[in-house]
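Work through the following exercises with the sequence and the coordinates at hand. Each task is followed by a solution in steps.

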Amino acid sequence: MNPTFSANPVSDLNQLFQYPFMVHALQAGTIVALVGALIGWFVVVRRESFVCHTLSVMSFPGASGAALAGLPLASGYFAFAVAGALAIAAGSRAGARRSLSHESAVVGTVGAVALALGFLFLSLYGGVLESVETLLFGSAVGISAGQVRTLALVGALAAIALAAIARPLLYASVDEQAARADGVPVRALAVAFLVLLALAVAAIAQIVGVLLTFALLVAPAATAQQLTARIGASLAIAVALALIEVWAALALTYFTNVALGFYVTTIALGFYALAHAARKLRHS
Amino acid sequence: MFALPFIRDALLAGSAIAIASGLLGYFVVLRAQVFAGDALSHVAFTGALASAAAGLDLRIGLFTLTVALALAFAALGDHARADDVSIGVVFAWILGLGVLFLDLFNSSAGGSSGILGARALFGSIFALGAGPSAVAAIVALGLIAITLAVARPLLFATLDPAVALARGVPVGALGALFLVLVGVDAAEATQAVGALLMLGLLAAPAGAAHRLTVSPYAGMALSAALALASVWIGIALSYRIGALPPSSAIVLVAGAFYVLAALAGWRALPRSLGWMR
């Protein structure tokens, strides 16, 4: 296969869909963009982007621990992500009010310990080190049809669960004190959202890698929230941006043979910077 | 154990880096900037790979990139405190650049990138050597001295930025200087415990200290002491147990300190908050 870029967009597109691995990558990328942008929207509203990053880092001990124990990799991903979410939930609220400094210390410690465990598992396993980079940055090429189906299932479940708790979760995220006074179970919702986020991130990180998860979840949502304060509009913009990001990055990777991660993160940063500048202009 | 030169080098560099990270970490946690610290330590990976791709000494890329990014974070936010999302997006991009350099390095030098990548990500305190460990110790001592010198105004600027500004404290400049210090510390620690694990020394001992005391100077001392103890115990454990990498051992010990402190702090919560248990 020799990807050749021509001036004819139709033949370029035909080329993209010609290989099964590209079709799988496009399918997986589309699911990730849809689900990731929706969950990421709440991550941004709740100011939990550090938590989101840390939960995606959980994939590293998850994968290396599962390899060491001889279990399927996916079980390790999900187990460690949920364990991390519960550890963060248990540690981050010491009192009635949200303490940002305690929370960030807990999240950072959980992340560092997870990476230390991952490195320990990896050296016990004695596996090949190159897989570390695949784990961190993903590989668009190696996605099977079975993985796409699993991803679609987890994505659909996560979206349904999110829809079920969306209203009270938004209330609790925007005005915690009022929600608490209204009898909304703020603490339970926070834990439920963390677990949901952990499951989604574990599913996504298996496909796109640990470090890109953030660019696909948080960046589109943050960009959308810079552009509009209306809920429906910013959700729609977030999903649209995430889709553009994934599709454009996959196409660019195919034609230029440079790592997918570089394009995804560059496009994400570009959109965010533009939105930030637009907002600054409007307010000055 | 102390007769071995690589252990002595590791203890020398490790102790200095631990004290610097413990002191800085106290402020990182107090200012809720752990994510910024995390980002600075992760981009060290890109720095190392960039200098590898260009064929330079690893440390040039490390220090240049972490300091540049620290200044960028300072410019992004009010009072030099950028919000999580801006940090995250910029930092994801720098990691994306890291992948690009990895590709370039792969195609130019071939093969050895796995080892270099793993070394940059996880460090190896036993492989430092005498010269680099002495340099690391001197830089860390400089960091400690500067941090102690600005500790008082930095504390003021952190706890009450508005009043500090009114009293003529240069809040923004202090915040920027602080991020640069954390950046230099990240580049330092990357050589010892690795880009991914540096956060363990920055967040865990300081988080534990914050759980145990509210007094700032006692907290700083405690944080530095816990970080130092983590490095010593970690190195000793890793020396005894061959399969345990030193970086993992150090961070796991630091994490254990944090858990112990959280349990102790939890029991000491006042009765009025008891319903939260």
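**Exercise 1.** Which pattern does chain B follow, read along the sequence?

Solution. The model is predicted, with local features requiring pLDDT of at least 70 and side-chain atom pairs pLDDT 80 or more, while totals for chains, interfaces and linings use all residues. Residues are numbered from 1 along each chain as its sequence is written, and chains are lettered from A and ligands numbered from 1 in the order in which they are written.

Step 1. Take helices as DSSP runs of H or I with at least four residues and strands as runs of E with at least two, numbered from the N terminus.
Step 2. Chain B then has eleven helices and zero strands.
Step 3. Its pattern is α-α-α-α-α-α-α-α-α-α-α.

**Exercise 2.** Find the share of buried residues in chain B and in chain A.

Step 1. Chain B has 277 residues, and 58% of them are buried.
Step 2. Chain A has 284 residues, of which 52% are buried.

**Exercise 3.** Compare the span of helix H5 of chain A with its expected value.

Solution. Step 1. The expected span is 1.5 Å times one less than the number of residues.
Step 1. H5(A) covers residues 73–92, which is 20 residues, and 28 Å is expected.
Step 2. From first C-alpha to last, H5(A) reaches 28 Å, close to that expectation.
Step 3. Its buried residues include A:Phe78, A:Ala81 and A:Ile88.

**Exercise 4.** Describe how helix H2 (residues 20–45) of chain A packs against H10(A).

Step 1. The angle is about 150° and the axes are 10 Å apart.
Step 2. H2(A) is therefore roughly antiparallel to H10(A), a label for angles over 145 degrees, with under 35 roughly parallel, 65 to 115 roughly perpendicular and the rest oblique.
Step 3. Residues making the contact (C-beta atoms, placed from the backbone, within 7 Å) include A:Val32 and A:Gly36 of H2(A) and A:Leu197 and A:Ile204 of H10(A).

**Exercise 5.** Which residues are in contact with A:Leu216, leaving aside its neighbours within four places in sequence?

Solution. Step 1. Among them are A:Val32, A:Gly36 and A:Ile204.
Step 1. Others in the set include A:Ala242, A:Glu245 and A:Val264.

Terms used
Two residues are in contact if their C-beta atoms, placed from the backbone, lie within 7 Å. A residue is buried if 20 or more other C-beta atoms lie within 10 Å of its own, exposed if 12 or fewer, and partly exposed in between; C-beta atoms are placed from the backbone. Axes are lines fitted to C-alpha atoms, for helices over the stretch in contact, and angles run from 0 to 180 degrees between N-to-C directions.
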